[in-house]
Amino acid sequence: MSQADNWLPRHIGIIMDGNGRWAAQQGKPRSFGHRAGVNALREIIKHCGDLGIEYVTVYAFSTENFKRSSDEVGTLMSLLVEFLKNDLETIIQNGVRINVIGDIDAFPAPVAAQIRRAMQKSRECGRMMLNIALAYGARAELVRAVKSIALDAAEGRLGQDDINEQLISQRLYTEGQPDPDLIIRTSGELRLSNFLLYQAAYAELYFTPVFWPDFTPAELDLALESYKKRSRRFGGV
Ligand code: IPE
Ligand code: IPE
Ligand code: MG
């Protein structure tokens with residue numbers, strides 16, 4: 001596939017699920033699956049860049065994932081910090097801008113600092129935007145948006161008639177970005193698990209039984225082939 005293919009989605013969302021089951025299948029601990037998941041992510045980012053996808057949003061850690069054991073949460077944090085440290089240079093060279101969406105302050109200070117550093121250092125990159133959803137939940141995102149609108153209304157900066165769909169979009173973490181055209185979920189689960197609920201209104205959904213560590217660029221191409229055949233009507237005929 002080449003950059004000239006204008007049927008390509010501008011924005012792809014990915015729910016990277018199944019690391020734990022992938023590891024269990026091999027009799028390995030969940031952390032082994034998470035580590036393999038980072039390698040899969042690295043390949044997918046590169047592939048999306050090569051294809052000319054403008055926006056990619058990956059779901060890496062949900063607000064609900066804090067329910068997991070402190071051991072597992074700790075492993076995920078360390079992998080994240082490691083990834084942001086080791087891969088940042090390559091990511092920047094590839095023109096990828098990192099934008100973490102979610103409640104960064106829910107993370108320990110050193111993790112939050114590393115996240116801010118990655119965002120700051122890659123801010124001039126314009127080839128592709130990589131939104132990494134961390135401590136992210138779509139409902140929490142909507143609560144945050146409503147609060148900011150309520151504050152503006154209370155202080156007289158916004159009237160009731162100023163509140164519309166566009167304004168709400170502008171108060172989401174994905175402010176200024178097109179809505180996802182395609183949302184992929186790996187591991188066979190058929191749900192969104194609190195991912196981009198507002199933005200996904202007209203996204204095409206693609207579910208695959210493949211566990212995230214096995215989701216190769218060829219698997220992404222299969223998702224794109226499926227997307228290409230969809231007829232997107234947005235409520236029209
Ligand atoms: C996805 O894999 C990674 C995160 C949610 C952080 P899981 O850890 O959910 O793996 P399964 O779904 O238990 O196999
Ligand atoms: C969704 O996966 C969140 C991420 C991939 C980060 P989960 O494994 O947390 O979702 P559920 O629990 O199966 O809905
Ligand atoms: Mg899971």
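Tutor: A polar contact is a pair of N or O atoms within 3.5 Å. Keep that cut-off in mind as we look at this predicted model.

Student: Happy to! Which side chain has an N or O atom 2.6 Å from an oxygen atom of ligand 2?

Tutor: Let's go through the side chains that touch ligand 2. A polar side-chain atom of D17 lies 3.2 Å from an oxygen atom of the ligand, and for R185 the distance to a ligand oxygen is 3.3 Å. The distance of 2.6 Å belongs to the side chain of S193.

Student: How much of ligand 2 does the protein bury?

Tutor: Start with the ligand by itself: taken alone, ligand 2 exposes 390 Å². Of that area, the protein buries 77%.

Student: Which strand gives the most to the shell around ligand 2?

Tutor: The residues surrounding ligand 2 include Y59, A60 and F61. Now look for a strand that spans residues 55–62. With three residues in the shell, the strand that gives the most is β2.

Student: And how many residues of the shell around ligand 2 are charged?

Tutor: Sort the shell by class. Five of its residues are nonpolar and two are polar. D17, R68, R185 and R191 are among the residues around ligand 2, and Asp and Arg count as charged. The number of charged residues is four.

Student: Let's move to ligand 1. Which side chain has an N or O atom 2.7 Å from one of its oxygen atoms?

Tutor: Of the 13 residues around ligand 1, the closest are D17, G20, R21, R30 and R68. The side chain of R30 has an N or O atom 2.8 Å from a ligand oxygen, while a polar backbone atom of G18 is 3.3 Å from one. The side chain at 2.7 Å is that of R68.

Student: What share of ligand 1 is buried by the protein?

Tutor: On its own, ligand 1 exposes 380 Å². The part of this that the protein buries is 88%.

Student: Which helix gives the most to the shell around ligand 1?

Tutor: Three helices each supply at least two residues of that shell: α1 (19–25), α2 (30–51) and α3 (70–93). One of them contributes three residues, and that helix is α1.

Student: How many residues in the shell around ligand 1 are nonpolar?

Tutor: Five residues of this shell are polar, and five are charged. The nonpolar residues number three.

Conventions: Residues are numbered from 1 along each chain as its sequence is written. Chains are lettered from A and ligands numbered from 1 in the order in which they are written. This is a predicted model: local features need pLDDT of at least 70, side-chain atom pairs count only at pLDDT 80 or more; totals for chains, interfaces and linings use all residues. Side-chain values use heavy atoms; hydrogens and water are left out. A residue is near a molecule or strand if one of its heavy atoms lies within 4 Å of it. A polar contact is a pair of N or O atoms within 3.5 Å; within protein, one must be able to donate a hydrogen and the other to accept it, and residues adjacent in sequence count only if both atoms are side-chain atoms. Accessible areas come from the Shrake-Rupley method with a 1.4 Å probe; for residues, only the protein chains shown count as cover. Helices (H or I, at least four residues) and strands (E, at least two) are DSSP runs, numbered from the N terminus.
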